[in-house]
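Let's take a walk through this structure together, one feature at a time. Keep the view open as you read.

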Amino acid sequence: MIQVPFFSVRDLVVDYGGVRAIDGVHLEINKGEIRGLIGPNGAGKSTFIDAVTGRRIPTAGQVQLGGEDITQLAVVARRMRGVSRSFQRTSIFHDMNVLEQVFLASHQAQAKDPERDAVAILEELDLLQYADWRAGDLGYGQQRRLDLALALVGSPSVLLLDEPMAGLTVTESRDLAQHLKRLARERNVTVLLVEHDMEVVFGISDRVTVLELGKPLAEGTPDEIRANPKVREAYLGSAA
Amino acid sequence: MLGISIFNGLVYGSLLIICASGLAMIYGLRRVVNFAHGALYMLGAYIGYTLSLYLNIWFALLLAPLAMGMIGVLLDKAVFRPLQERDPLSVLLVTFGLLLVIEDLVRAFWGRGSLSIEVPALLADSIELFGNPTPLYRLAVIGLGVGSMVLIWAWLRFSRTGLYVRAASTDPLTTAMMGVNTERVNALVVGVGTALAGLAGVAAAPMLSLAPSMGADVLVDSFVVVVIGGLGSLGGALISAILLGQVQSFGTIYLPGLSAVLPFLMMIAILIWRPSGLAGNRV
Amino acid sequence: MLHFKYLLWLAVGVLLPQLVGSATLMSLLTQSLIYALFALGVGILLRQCGLVSFGHAAFFGISGYSVALLMRDLELGAASAIVLTLVALAIVAFLLGLVVSRIPGIAFGMLTLAIGQTVYLSALKSRETLGGADGLNINWPSSIFGLDVRLFYDPASMFVISWVVMLVTIYLLDRLFRSRFGSITSAIRDNEERARFIGLHVMLPKAVVYALSAVVSGLAGVLSAIYTGFISPETLHWSVSGTALIMTILGGVRYLWGPILGAIFYFFVKEYVGELTDYWMAMLGAVVIFIVVFAPNGVSGLLMQLQERRQKRKQDVIVRRMEVRS
Amino acid sequence: ASEKDPVRIGAVSSMSGVFEQQGQEVLRAIEFAVEEANAKGGVDGREVAIEVADDESTPDGARRSAEKLAREGHNLLIGPISSSISMTLSQNLDRWDAMYVVVASKLDALTGKSCHARMFRTNHNDVMDLAMMKEWMKTVDEKKFGIIAADYTWGHGSTEFFEKTAKELGKEVKVSLFAPLGTKDFAPYVAQLRDADVDAVWVAMVGRDAISFVKQADSFGLNDTSRLIGHALIFQYLVDATGDATHGVWGNIGYGADIDTERNRQFVAAWTEKFGRVPTENEGQAYNGVQLIFEGVKLAGSTAPGDVAKALEDAEYESIYGPALMRGADHQLQIPNYVGEVAQVDGKLRPVVEKTYPISLYSTPSADCSI
Amino acid sequence: MNTLLSFDKVNAYYGNAHILHDFSIDVKEGESLALIGRNGVGKTTFVNALLGQAKVRSGSIRLGRKESARWHPYMPAKEGVMVVPQGRCIIANLSVEENLLLGAATGRKGYWTVPKIYGLFPILRERAHTPGTALSGGQQQMLAIGRALMGNPTLMILDEPTEGLAPVIVDQLGDIIRQVNEQGTTILLIEQNLHLVARVSRRYLAVEKGSVIAEGIVDPEQIEQLQQFVVV
Ligand SMILES: Nc1ncnc2c1ncn2[C@@H]1O[C@H](COP(=O)(O)OP(=O)(O)OP(=O)(O)O)[C@@H](O)[C@H]1O
Ligand SMILES: Nc1ncnc2c1ncn2[C@@H]1O[C@H](COP(=O)(O)OP(=O)(O)OP(=O)(O)O)[C@@H](O)[C@H]1O
Ligand SMILES: [Mg+2]
Ligand SMILES: [Mg+2]
């Protein structure tokens with residue numbers, strides 16, 4: 001494993017008007033690592049992803065990818081460098097058909113064979129039979145998977161997933177977890193996984209970071225986190 | 001010249017704010033871009049004309065807005081409410097259709113010619129202001145503008161219904177969840193908005209002339225006001241109406257060549273600077 | 001198959017003037033066709049970007065003025081004046097589009113209204129060059145693009161010319177919007193934020209569509225200027241933009257030909273209710289309301305719905321027959 | 001009488017839009033003239049048929065309506081108000097095989113640079129009006145003038161003329177203001193005029209703007225200190241819409257019920273019988289225009305627009321203005337012109353003719369016109 | 001005991017998405033009931049069906065004496081049912097106090113008044129005139145509860161009130177809900193936090209895939225048994 005952190009965030013601060021949602025977060029992830037990011041509702045997990053992907057401009061701090069400072073880059077420029085994300089509140093193209101939009105995303109990510117890439121992803125996420133459906137007509141769970149497909153397509157180098165398992169059935173989330181694991185191991189993709197499903201988070205993460213009220217509460221291996229009394233109290237409770 | 005210019009700007013600004021605040025309120029609650037608003041202004045003026053013939057202008061000023069208010073409630077029940085699930089563009093088109101219908105109805109009832117309402121005798125005199133004789137009626141129009149704004153503000157700020165209106169304009173569902181019959185609030189607001197259009201029409205009539213097509217100019221100016229102010233925002237509309245009145249008043253003196261396009265240039269500049277208008281999305 | 005369809009439509013357009021006996025009807029059709037192209041311009045902006053323009057009359061009118069001026073003051077030939085006008089229009093509209101298409105929703109409509117009115121008022125004031133409120137007579141040379149100018153004056157032949165222009169425009173637009181560019185613009189209209197997150201630049205395509213829509217409307221303006229030989233500021237007024245928008249929405253924007261149908265529908269309604277009463281505006285208003293209420297996707301949507309239903313009924317009949325046989 | 005072709009008149013005027021009130025007057029008079037002619041057994045033994053259409057006050061609408069009328073055979077066109085509409089119709093007369101009589105547009109180019117073999121004007125044009133106004137100004141005492149004009153072609157033309165004339169006559173123009181079309185609040189303009197302390201104000205405005213201006217000028221007491229002199233201002237519709245505010249306003253008049261000719265007395269009598277009031281300027285002018293068509297049909301013995309037009313070249317006939325000549329060189333009807341004042345007649349305010357100026361004042365036909 | 005609210009085989013939809021399947025529930029006067037279940041099983045949809053926001057295609061909803069399949073959002077409040085919505089839905093352009101007053105829109109008289117609410121949540125008095133959304137998440141939750149209480153409800157429905165709250169505040173919340181229940185208000189608590197359920201509820205219903213799959217009495221000693229219904 002490469003030891004220089006591939007992806008790092010330093011002293012990140014994000015404000016919403018007067019509210020400080022992220023308050024000095026420091027995070028380093030190696031290439032090919034799966035990092036779990038957990039914390040109570042409103043801890044700032046989604047905000048963190050927003051700041052990293054350019055949806056929100058941080059008040060202070062730095063985001064680096066492979067040694068390059070990408071803090072000020074536009075969304076599109078980040079995507080060109082392989083930063084890809086999914087959304088907590090499903091964000092898809094309702095009026096387009098499923099294949100068309102995944103193909104478009106794949107093409108934009110400069111995949112070598114966008115068509116095959118798109119089909120492969122749909123296959124993987126069990127969406128291929130809906131390829132010619134209008135996305136807005138899909139069921140909620142399928143829309144969640146489509147959102148995920150838009151994030152996964154086109155070999156991203158950093159994948160930030162905001163509660164991807166929400167809305168999936170138990171088997172579906174298990175399959176997805178395996179897929180993420182393969183991506184990380186085989187294609188060296190760096191994954192930041194925000195998820196409330198502790199079984200999944202502890203099952204596939206290399207390390208886990210816990211946020212609370214915008215500040216890091218703890219970081220460690222899944223076992224360490226599970227055992228951490230502070231985390232148990234603030235977040236896990238009976239889930240530990 | 002300075003004093004009288006500010007004064008003149010205020011007169012037109014007052015008319016505009018009465019008319020535009022109605023437009024803003026309807027947009028705020030119904031999210032309807034009401035193209036019929038100018039026609040309603042015109043209809044108000046004509047109803048006022050007839051009332052002033054049979055009764056007198058004071059009754060006209062009182063009763064015409066009332067009648068328009070009822071028309072507004074009807075409009076909400078018959079048009080806006082059934083179409084509330086439809087896309088805004090369709091509703092916009094329906095209000096455009098209404099505009100055509102209202103204009104022709106007025107032609108059918110009152111004819112195509114220009115009509116006029118006499119300035120009420122009580123206000124026919126002038127007083128000396130900034131060294132110029134100034135018609136009392138114009139002062140009264142400013143008074144009416146200020147008065148109705150204060151009333152609306154007080155209504156929205158301090159009354160129970162006003163609270164519901166403000167709540168419903170940001171979050172209709174939660175407001176309803178608390179037991180507020182939001183449909184009734186909507187009807188009320190469209191009624192008040194329409195009444196304001198009518199009031200502006202009657203108030204303008206003694207200064208301008210009545211013609212079926214008189215709504216169009218006011219409509220565009222009102223749109224400018226409402227959009228510059230920030231759609232749906234009363235405070236924003238107030239500021240931009242006053243601004244627009246002053247821009248026109250001073251523009252005619254200092255930039256006569258540009259005076260007609262000034263409001264539009266102002267709107268372009270403000271929208272490019274702040275796409276959601278002066279007040280953003282607040283009410 | 002696709003090309004066959006266009007050839008078929010081409011034949012329809014060429015034959016139609018032969019079938020229509022009445023010169024009045026013919027001139028009505030020609031009129032509506034020119035406006036149809038104008039509405040198509042407004043329609044593609046609405047369809048591909050979800051943007052509602054209240055200012056397209058500016059493009060419609062400016063192109064007429066521009067051609068007139070280029071011929072009068074620079075003494076260009078008609079063809080080069082037209083081409084130059086459309087190219088210039090594309091560039092200007094593209095740059096304008098980069099600025100204005102950032103503004104979302106109804107504010108965009110009002111912004112375009114303001115720009116359109118500024119153009120209108122300026123033309124009204126320009127007495128020396130543009131003839132002010134009285135307008136300009138355009139003196140066309142005896143032939144345009146190698147066609148005798150009289151062909152452009154006669155409703156029947158002008159109908160065919162406009163028809164061909166329209167078909168070519170639709171064909172090209174259809175090709176374009178079926179390509180990746182079409183996917184890109186619909187993605188942006190659908191969900192601009194997501195579009196950025198899959199790596200799409202969102203301003204550029206919008207500006208391109210804006211420019212395209214301006215050019216299509218401008219093309220209609222040129223046709224109108226040739227057909228009428230006259231141009232005046234009224235053409236630039238916002239109510240003209242409004243009319244084009246009504247046509248567009250009446251027709252529906254789901255299909256490219258929706259606005260075209262809308263324009264024809266509009267003219268015919270106006271024409272025939274106008275004969276019934278002096279109060280044609282009220283009648284037109286009533287028809288507009290009726291259509292919006294009962295046909296959410298416009299006339300074109302209604303037609304397609306009817307056709308689908310008929311096809312279904314046909315299928316039902318076939319199924320039933322087969323059942324009976326077996 | 002019925003075996004001959006009927007005279008088919010296409011009346012295009014404004015039933016909606018900014019000119020709708022004038023359009024209404026024009027149409028009323030055209031219909032009156034047609035009824036009157038039919039009641040008298042038609043024209044040249046022909047019945048007169050009329051078809052009416054709305055020009056929506058725009059050139060585009062006018063062209064659509066006129067084309068429809070013309071192509072349906074009602075190709076003797078008459079009626080639009082604005083000059084831009086007249087311009088666009090003239091461009092199409094050959095195409096539609098139609099003829100057009102201008103009754104209200106004043107732009108000189110219509111009988112100048114843009115004149116047309118099938119277009120005739122029966123009202124006065126700007127050049128005629130201004131020539132008369134200049135003559136009249138010589139008799140006016142006021143020395144210091146202000147100008148307020150509509151901010152478009154015609155208003156600027158009027159202003160230029162008046163500024164020039166004032167200079168020649170040794171009068172002073174202290175302030176010239178232009179109000180954009182559609183101005184609603186004239187207070188800033190009135191304030192400037194008052195500030196300039198002038199004896200009289202030259203007013204060149206039209207339509208609703210004119211109404212608003214006159215009303216507001218009155219409410220600010222401008223009339224008390226400065227006399228209003230109107231260029232194409234004092235119409236009946238203005239008087240009706242402003243009431244007392246126009247009392248005592250002077251200006252040029254294109255037609256007045258007081259014109260003292262045999263035919264006008266008949267016309268006014270018939271009109272008064274039907275409508276209970278005398279005809280207005282627009283009504284008189286429109287009536288006069290229809291008479292020209294009748295004259296042409298009689299002279300040509302045909303209703304074909306080409307024939308009628310040819311027959312009208314240099315035709316002389318008895319009009320409500322007295323003997324009139326349709327000058328062949330530019331198709332401008334040669335009739336006297338008038339200055340008048342809004343005054344009380346039988347308890348009603350209306351423009352009254354005070355001075356008549358003879359045809360001899362007018363310049364020769366425009367050199368720009370070649371028919 | 002009277003039944004305050006009952007769902008009888010309700011099938012509810014968002015558009016064409018079938019969310020509630022033959023959903024049945026009875027809420028008895030005075031009780032404290034919990035509705036538990038994982039994310040996305042349809043708990044909020046149950047509330048939305050009651051408010052007419054999810055389309056009920058079959059089955060019926062009875063509230064007091066009224067029975068209907070189509071409810072307008074303002075009607076439950078008129079019948080004395082106040083909802084503390086998921087996500088709180090504090091109205092941004094109203095001050096804290098105005099948000100409270102909005103809760104009294106039905107005009108039902110009873111124990112709760114503004115001073116009483118301030119007594120319950122002193123922090124709200126301090127912030128009475130600041131915009132409602134300038135409060136922290138926990139404070140907003142208090143405001144939402146206070147607002148619902150202002151309607152003097154016979155039944156109060158709380159949709160995941162602990163979301164985003166610090167554990168200490170969750171403890172407080174439990175006390176308050178119990179207190180309100182003892183005051184005579186029926187409580188329907190929608191929750192995934194079983195600790196809270198254990199503290200305030202006496203009966204539970206478990207929801208899975210849009211239907212009620214189990215119900216029973218809450219035994220605070222054996223709360224782990226309910227674990228299966230909320231954890232994947
Ligand atoms: N647009 C916004 N404006 C103001 N405050 C916001 C906005 N979005 C989020 N916040 C606040 O920022 C904080 C962090 O929110 P965020 O969405 O990042 O939380 P989260 O950890 O993703 O929670 P969840 O698990 O519920 O998704 C919260 O207190 C939230 O209320
Ligand atoms: N507006 C909507 N349109 C379509 N589907 C929706 C909509 N809102 C929710 N859903 C879907 O309906 C299902 C039930 O949602 P609901 O909000 O009732 O869940 P819940 O049990 O309240 O979950 P949570 O614990 O997350 O609040 C979910 O699968 C959700 O994705
Ligand atoms: Mg989140
Ligand atoms: Mg929920």
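Which helix gives the nonpolar patch its largest share of residues? That would be H3(B), which contributes four residues. Before going further, bear in mind that this is a predicted model.

Now for the patch itself. Two helices of chain B, H2 (37–54) and H3 (57–80), each put in at least two residues. Take Leu53(B) as an example: you'll find this residue in helix H2 of chain B. Its relative accessible area is 54%, and since anything over 50% counts as exposed, Leu53(B) is exposed.

From the surface, let's turn to the interior. In soluble globular proteins, nonpolar side chains tend to be buried together. Here, the largest nonpolar core has 396 residues. Which of its residues touch the most other members? They are Trp140(C), Phe213(D), Phe7(E), Ile36(E) and Phe46(E).

Zoom in on Trp140(C) and set aside its neighbours within four places in sequence. What remains in contact with Trp140(C) is Val67(C), Met71(C), Ala78(C), Ile82(C), Val149(C), Tyr153(C), Ala225(C), Ile226(C) and Gly229(C).

Next come the cysteines. How many disulfides are there over all chains? The count is one. This disulfide links Cys115(D) with Cys369(D), with an S to S distance of 2.1 Å. The link is right-handed, with 100° about the S-S bond. Where do its two ends sit? Cys115(D) is in the loop between strand S4 (99–102) and strand S5 (119–121) of chain D, while Cys369(D) is in the segment after strand S15 (348–357) of chain D, so the bond ties together parts that are 254 residues apart in sequence.

Are these two ends buried or exposed? Buried means under 20% relative accessible area. Cys115(D) has 12%, so this residue is buried, and Cys369(D), at 11%, counts as buried too.

Two further cysteines are worth a look while you're here. Cys19(B) has a relative accessibility of 1%, so this residue counts as buried. Over in chain C, Cys49(C) comes in at 9% and therefore counts as buried as well.

Definitions and conventions. Residues are numbered from 1 along each chain as its sequence is written. Chains are lettered from A and ligands numbered from 1 in the order in which they are written. This is a predicted model: local features need pLDDT of at least 70, side-chain atom pairs count only at pLDDT 80 or more; totals for chains, interfaces and linings use all residues. Side-chain values use heavy atoms; hydrogens and water are left out. Buried means under 20% relative accessible area, exposed over 50%, partly exposed in between (1.4 Å probe, protein chains only). A nonpolar core is a set of buried Ala, Val, Leu, Ile, Met, Phe, Trp, Tyr and Cys residues joined through side-chain atoms within 4.5 Å. Contact means heavy atoms within 4.5 Å. A disulfide is a pair of cysteine sulfur atoms within 2.5 Å.
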